[in-house]
Amino acid sequence: MAGIADPDEDLVRRVGQGDPAAIQTMVTRKLPRMLALAQRMLGDAVEAEDVAQEAMVRAWRQAPRWTPGKAKFDTWLHRVALNLCYDRLRRRREIPTDTLPERADDSVAPDRGLMAVETGLRVDAALARLPDRQREAIVLCHYQELTNIEAAALMTVSVDALESLLARGRRALRQALADLAPEGVRDRIEGGR
């Protein structure tokens, strides 16, 4: 069986050798995507930064031992970040609290920019309420822009199972956001931006 072609192979090799320019390049290329992934999965900017940084530290530590051809480095890094997110989500469920979180102002904003922000917050809140696997599928495909094949491999499910998760997640988002203007919701859900 032939190895998997990996566009990051040379970069990972150089990071493993301690090349400062390669380390900086890896951080520049990968950190924003890991941060976006964690933000979408966790809905908390501070926790997302912690997850993204930890994923990058693990990438740096793993680089000297990386075996090219077994998997794409980017796929491995996404899996690390997702696992870190799930660890944090599990801890959230396990920690009882006496205080309720602050609620965002649900009132209609007076100008269009604020309405877009409000729509984004509503979409993010609806996304956070999805079951973990549906949220993961939507984040990977729509926000991380992975192909269905890449996302299915990362989630260790078949492409058909991934597409089922995507369909159920999209349907739940449409229902949760039915009161919003259709084009705004469609752009956020289907466009991933």
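**Close-up views of a predicted model**

**View 1. Where H1 meets H2.** Leu11, Val12, Arg14 and Val15 of H1 touch Ala21, Ala22, Ile23, Thr25, Met26 and Arg29 of H2, contact here being heavy atoms within 4.5 Å. Sorted by class, this H1–H2 contact holds seven nonpolar, one polar and two charged residues. For the classes, Ala, Val, Leu, Ile, Met, Phe, Trp, Tyr, Cys and Pro are nonpolar, Asp, Glu, Lys and Arg are charged, and the others, Gly among them, are polar. Helices are DSSP runs (H or I, at least four residues), numbered from the N terminus. This is a predicted model, in which local features need pLDDT of at least 70 and side-chain atom pairs count only at pLDDT 80 or more, while totals for chains, interfaces and linings use all residues. Residues are numbered from 1 along each chain as its sequence is written, and side-chain values use heavy atoms, leaving out hydrogens and water.

**View 2. How H1 and H2 cross.** The axes of H1 (residues 9-16) and H2 (residues 20-42) come within 8 Å and cross at roughly 130°. That makes H1 oblique to H2. Angles under 35 degrees count as roughly parallel, over 145 as roughly antiparallel, 65 to 115 as roughly perpendicular and the rest as oblique. Axes are lines fitted to C-alpha atoms, for helices over the stretch in contact, with angles from 0 to 180 degrees between N-to-C directions.

**View 3. The largest nonpolar core.** Find Met26, Leu140 and Leu162 here: they have the most contacts inside the largest nonpolar core, a set of 48 residues. Such a core is a set of buried Ala, Val, Leu, Ile, Met, Phe, Trp, Tyr and Cys residues joined through side-chain atoms within 4.5 Å. H4 gives the largest share, nine residues. Beyond its neighbours within four places in sequence, Met26 contacts Leu11, Val12, Val15, Leu31, Met56, Ala59 and Phe73.

**View 4. Asp8, ahead of H1.** Look for Asp8 in the segment before H1. Asp8 is buried, its relative accessible area being 6%; buried means under 20%, exposed over 50% and partly exposed in between, with a 1.4 Å probe and protein chains only. Neighbours within four places in sequence aside, Asp8 contacts Arg29, Lys30, Phe73 and Asp74.

**View 5. Tyr86 in H4.** Tyr86 sits in helix H4 and is buried, with a relative accessible area of 11%. From C-alpha to C-alpha, Tyr86 and Met41 are 8.4 Å apart in space, although 45 residues separate them in sequence. Setting aside neighbours within four places in sequence, the contacts of Tyr86 are Met41, Arg79, Asp132, Arg133 and Glu136.

How values were computed. Helix = DSSP H or I, 4+ residues; strand = E, 2+ residues; numbered from the N terminus.
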